[in-house]
Amino acid sequence: MGTASSLVSPAGAVGEVIEDTYGGGEACEIPVEVKPKARLLRGSLRRVGASRPGGLIGASFKSTASVQELECVAEYERLKKEYEIFRVSKNNEVASMVKKEAKLDRENKRLRAELQALQKTYQKILREKESALEAKYQAMERAATFEHDRDKVKRQFKIFRETKENEIQDLLRAKRELEAKLQRLQAQGIQVFDPEESDSDDNCTDVTAAGAQSEYWNGGALGSEPSMGSMMQLQQSFRGPEFAHSSIDVEGPFANINRDDWDAAVASLLQVTPLFSHSLWSNTVRCFIIGTDETQPEVDIFIRNYSPKLQRVCETMGYFFQVVHFSEEHERPLKDVRKWEIEKSSLIVLLLHLTLPSCLLEDCEEAFLRNPEEKPRLIYHRKEDGRVSSASVQQFIEQISHVNKAKMIDHTGGVEEGTYEIYNCVEKIIKQDILGCEMTELESKDLGNKEESTAPEEEVFGDVLWDAHDEQEQMEAFQQASNSTCELGFEKYFERLNDLVAAPAPIPPLLVSGGPGSGKSLLLSKWIQLQQKHSPNTLILYHFVGRPMSTSSESALIIKRLTLKLMQHSWLVSPLTFDPAKLLEEFPHWLEKLSARHQGSIIIIIDSIDQIQQAEKHMKWLIDPLPVNVRVIVSVNVETCPQAWRLWPTLHLDPLNSKDVKSLISAECNSANVKLTKEQEKKLERHCRSAATCNALYVTLLGKTIACLGNTGNIDETLQQCLQCQDTVSLYRLVLRSIQESLRSDTEKGLLREILCVIGVSHNGVSESELMELYPELSSAALASLVHSLHRMCLLTYGCGLLKFQHLQAWEMVRLEYMEEGENVLSAYRQKLVEYFTMQLSQDRVTWRSADELPWLFQQQGDKQKLHKCLLNLFVSQNLYKRGHFAELLSYWQLVGKDKSSMAAEYFDSLKEYEKSCEGEASMICLADLYETLGRFLKDLGLLSQAVAPLQRSLEIRETALDPDHPRVAQSLHQLAGVYVQWKKFGNAEQLYKQALEISENAYGAEHPRVARELDALATLYQKQNKYEQAEQLRKKSFRIRQKAARRKGSLLQNCSCHS
């Protein structure tokens, strides 16, 4: 039967192996759980066996096993079915996932192909965009260049037009003079005829009856002033055939211009300089008063009461005011002086009552009937009831009414009222006709500080600080150097200079060397004039260095001026550093950058460069290679030329030959009607053979001395005195002593000494009005006579309204003649100037003169305490900074031992202290200006974090004292935004600029230059943020505004010149 174990566990009944039909798997065995039940059966069998032996045991086991087997089979079948169901469902899911996988794979391949195609298209579009942007920027640059060139040509055409109009005005004045002469001849009953008349009709001249007027003078030839339209029509018949198909033969301002006029226009176009009134003589409003004994009370009241007021008016605008009056006893002996003063005058006032003395008639005719420049003229005529003016007065007034546009004041009343009428009219003429500074009501309210009320440079150049006084001084220095009509054999030197310009680059600077007075300045000025005439595409920048230690010899100011001139010529006004060291470093980069934009050559000429302090250190950019189209010419004295420069190409001026010496002396003598004998000429020829006696200055001064002294004394004696002078300084001493001998009293001689010494110890010179205040006993007539003598003999000259020595040898002679005692004399005269300018500060008269002179005088005296106190005068520092004398201001602070941070702290503390004493709207506006100046100063120093506080305070004060929408508030917002731009906080800057733009548009209108300034600032900001399209739109809008403003200003100036 077998054992129980064999029944419970049959072979093959333990489990069944089922093959995996899904593929890829392994055979698995599904166990049948029967072992636990078999153990239970064996236990029960043992118990049964123990009670029932034999067959009972086998029967019980068999029935029990079959029941359990059936249960296992049923369980197995159930599990098998569940497994089949599970297997089918999973197979279906797997099949579905396989299909989805295949579908997603196909979709992935398609999307990858599309992505690659899109990437290729994107790269292609990106390249096309870059090409389009590059083409756009190139087109924009070409358009900007074209617009700049077009505007420059328009400016030059305006100059050309004004020149032609001036020529026509000269013709009209000549016509009126001839008419006046004709009337006088006819009034005398003299017949007018042609001395060369013949029977021919072509040469026949109509003879007019006495008192009649020829039809020719009243006809259409010169009878009326022509308009610009008639001028253009007149020019059409003179156009050359080369303009038949010219690119400028178009409608507009360039039509009907012949080639010669065009070339001349382009030549003078390159002279980019500020415009100054033609009525001003060297930055001075000169009022020449002609009065009779009857009107002497009006003259005295005007000079005593109203002249100081007019002086303050001119001072606030940066000009001097000088009244010149000669009493009747001075009329005859000072004829040449009076004529010279009339020529220099800006305004002539004639005061008449009943009579006109014959001694005044010549002056009146010179001033009113011969007025070629159409300067303003005023006639005051006091009338009395029952009394009639003399025939001479009536006739003169009638002549003036025909030939001159003089203003008339007919007064019937008291002397005081009449003088007040004169003052009102003179003030109006000065403001409107001479200075052209009549302001609108808004601009008048916009004035904060009286001293800085007129700042045209800041309005034109934005944040660039430009000193018009320095620029005018350079213009006058150039004119003075080129005034000589004698060429002195310069042709050979001109050829050498022309070869330098034409030589291929690179080429080092050219040295023009020679002894003192050898004619270097004259040579360079004459050559500049030739280049301006014959080389229209050449830009010439020049600087004439004056006396050592003067403003014109400061290296930082020279470099700043040259840089600004380059930027001005290129129509580019960009932020410019005023740190002296950085300015000297950046100048070569500016030169290279701007020279690349200029089509022609650039020539930089610096005269007397060796007079600059530490010239070799501060002008080291000369040693570096220059740009290809840049040439540099510098003049030096042989003895003081730096050693490193001696290897450069050199043009040495030779002494004058005997022919040039003779011609120069003869020209001076002929002008004074002095004739030299052959023997005297031979003496002079033998004398002028050494290097010291045959230079240009010595020979010129020798000729003037002989001409001057020869008229008053023995020529042989004069010649003998001159021949004893072996150099220029000794000859100057002879000239000075001859002037002293011509003076009548010891008082006048003492005043001559005082004037020369005060000028000698000053920084940049002294004005005539300052001399009148320094020496109250000095009359205007005596001062005019002294200045005339000193100017005629080349001792003194004018520079921006200041009297200064014309040559270094003249200053050296004065020092040897009057200051041999040494430093004590110098200190005494310096102290006199210190007391004068200190008195001005105590009277709140802070002018550009006190800011120039007073700190420098303290520096020369070595008084650091007073210098420190002077610098803490906020108005002095403000004046220096606003005129761009940044380096000078820093040097003063370095002298007192203060660094930038401590200097800023002291300024801020001074402002806080000054703020405590400010009361009223005017003082608060002035305080806001001071805060703004301090903020700008600190910004230029690079102290951005310290610059925010004063600028923010300035904004707060203006918003409170004025109005949140006032234009001065826009100015504060603009300056504060500039700090944020440098600080890279573009979001804050943009918000401030937009506020400033909105205020300016509301205050001035959308077409005002101040609006253009804000647009330019926003455009620069957007450009820094790479927002080129927005920047370009704003720049175009700004350019259109400036263009319209320039047109309006040009038409206004033209109308003013026509009515002056």
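**Close-up views of a predicted model**

View 1. With a relative accessible area of 11%, E374 counts as buried (under 20% relative accessible area; over 50% is exposed and in between is partly exposed, with a 1.4 Å probe and protein chains only). This is a predicted model, in which local features need pLDDT of at least 70 and side-chain atom pairs count only at pLDDT 80 or more, while totals for chains, interfaces and linings use all residues. Residues are numbered from 1 along each chain as its sequence is written, and side-chain values use heavy atoms, with hydrogens and water left out. E374 sits in the loop between α9 and β6 (377-383); helices (H or I, at least four residues) and strands (E, at least two) are DSSP runs numbered from the N terminus. D170 is 204 residues away from E374 along the chain, yet their C-alpha atoms are separated by 9.6 Å.

View 2. Of the 1060 residues in the chain, 48% are buried. Take the contacts (heavy atoms within 4.5 Å) between residues at least 6 apart in sequence: 74% of them join residues at least 24 apart.

**View 3. F368 and F396 form an edge-to-face pair.** The structure holds 25 aromatic pairs, meaning rings of Phe, Tyr and Trp (its six-membered ring) with centres within 6.5 Å; planes under 30 degrees apart are stacked, over 60 edge-to-face and the rest tilted. In this pair the ring centres of F368 and F396 are 6.0 Å apart and the planes stand at 85 degrees, so the pair is edge-to-face. Because F368 belongs to helix α9 (residues 358-369) and F396 to helix α10 (residues 391-403), the pair ties together parts that are 28 residues apart in sequence. F368 is buried at 0% relative accessibility, and F396 is buried at 2%.

**View 4. Rings gather in a cluster, and charges sit over rings.** Ring pairs link Y881, F886, W893, Y907 and F937 into a cluster. Elsewhere, look for a charge over a ring (NZ of Lys or CZ of Arg within 6 Å of the ring centre and within 35 degrees of the ring normal). The charged end of R547 sits over the ring of W811, 5.4 Å from its centre, and that of R561 sits over the ring of Y542, 5.9 Å from the centre.

View 5. A cavity is a set of points on a 1 Å grid over the protein atoms alone where a 1.4 Å probe fits but cannot get out, and lining residues have an atom within 4 Å of a point. The largest cavity holds about 150 Å³, a volume being the space filled by probe spheres set on points joined across faces, edges and corners. The largest share, five residues, comes from α17.

Methods. On a 1 Å grid over the protein atoms alone, a cavity is a set of points where a 1.4 Å probe fits but cannot get out, and a pocket is an open set with protein on both sides within 12 Å along at least five of seven lines; lining residues have an atom within 4 Å of a point.
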